Amino acid sequence: MTAPIGVWAGLIGQEPAAETLSTAAAAAAKIVAREPVAPAAMTHAWLLTGPPGSGRSVAARTFAAALQCSTGTGCGACPGCRTTMAGTHADVRLVVPEGLSISVAEMRALVQAAARRPTTGEWQVVIIEDADRLTEGASNALLKAVEEPPERTVFLLCAPSDHPEDVSVTIRSRCRLVPLRTPPAAAIAQVLVSRDGVDPERAQWAAAVCNGHVGRARRLATDEAARHRRDTVLRIPLGLRRPGDVFTSADQLISAAEADAGEESKSRDESERSELRTAMGGDGTGKGVAGAKRAAEAAVKQLEKRQKSRATRTQRDTLDLALVDLAGFYRDVLVTASHAGATLTHPDHADAIASAASAWTPESTLRRLEAVLECREAIGLNVKPRIAVEAMVTTLRQG
């Protein structure tokens, strides 16, 4: 596929994956038409892997659209393509973990629903974003369905890698792997200009500093507050002059993550609460509405509990992006000190990076980098973010 068209145009810099998935979609169309296909052309379970921001969920939804496409090509114009990409297709189920994990109860309900025959489309498609967040019980529930799949059901799992820490070996062995690469900066810049109307110079800058994360590039290109928070994070390494700076800087990191998560969640949370009250009659007036109001308030409390869990996850994901920025800074210091000539992760902070390279030994820089990576790991193991960040910043100051 040399020139992506239709729904495939949304896969940025992922031509090999698009080729694999489009070929499978064409085979699926032949299966529906009862035409002969090669045995390995289409399968019932897929594992899409790639770094954060590479477009795993976009690829999964695009493939789902192609499976529901009336032409089998992912034309982007038919009702199957449009409703799938909009998230409203009756036979495409999207599982996005609201909290830090996907529970066994949620997975059992999903597997049960996926066993039904398609209603409006040709396939039942189940997309599981962040399959690495499946609990052990949820993985076992999914495994049974993947081992004995219904005839017209396709499972699309998205995860950072196929490592056993992300996806169990048994589930991995029953899936066809589609690796996604880090999108090239030129491809990201091009889509920011053509799709989002970003100024070409700013688009190139955002693409260069986003670490291949398409969503982050869009945020940096269009949100002044996001650019300010990034600058705040990257000033930390050279701003740790006094012991008190440790706690000030740690607070800045946590506050930046909370601000990002708050902005992302606020409008969505209020909209969800309003829609739920309306659907359950909680905003009604007159006789006989007391019971509806009580039921609506109970449902809203359950929703708020899920929203709180989602906010925790969003905050940790946002904090992780900030830590990746910090790790990139120390990596750039090592690159500069060694005169390796490799491309800098943060070229717009080259002066600060050069200053750090002249002041620190490579050994102390490496210790600082390791502290950032250990902080990411600790937060992933559910250590309280503030404690992990303060311990990290203490090491960053001491070197």
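A polar contact is a pair of N or O atoms within 3.5 Å; within protein, one must be able to donate a hydrogen and the other to accept it, and residues adjacent in sequence count only if both atoms are side-chain atoms. This is a predicted model, in which local features need pLDDT of at least 70 and side-chain atom pairs count only at pLDDT 80 or more, while totals for chains, interfaces and linings use all residues. Residues are numbered from 1 along each chain as its sequence is written, and side-chain values use heavy atoms, with hydrogens and water left out.

**View 1. The N-terminal end of helix α10 is capped by D223.** A side-chain oxygen of D223 lies 2.9 Å from the backbone nitrogen of A225. Helix α10 spans residues 224–234 (helices are DSSP runs of H or I, at least four residues, and strands are runs of E, at least two, numbered from the N terminus). Its buried residues include A226, R227 and L234 (buried means under 20% relative accessible area, exposed over 50%, partly exposed in between, with a 1.4 Å probe and protein chains only).

**View 2. R181 and E15 form a salt bridge.** Their closest N and O atoms are 2.7 Å apart (a salt bridge is a side-chain nitrogen of Lys or Arg within 4 Å of a carboxyl oxygen of Asp or Glu). R181 lies in the loop between β5 and α7 and E15 in helix α1, so the pair ties together parts that are 166 residues apart in sequence.

**View 3. R133 and D317 form a salt bridge.** The closest N and O atoms are 3.1 Å apart; R133 is buried at 17% relative accessible area, whereas D317 is partly exposed at 31%.
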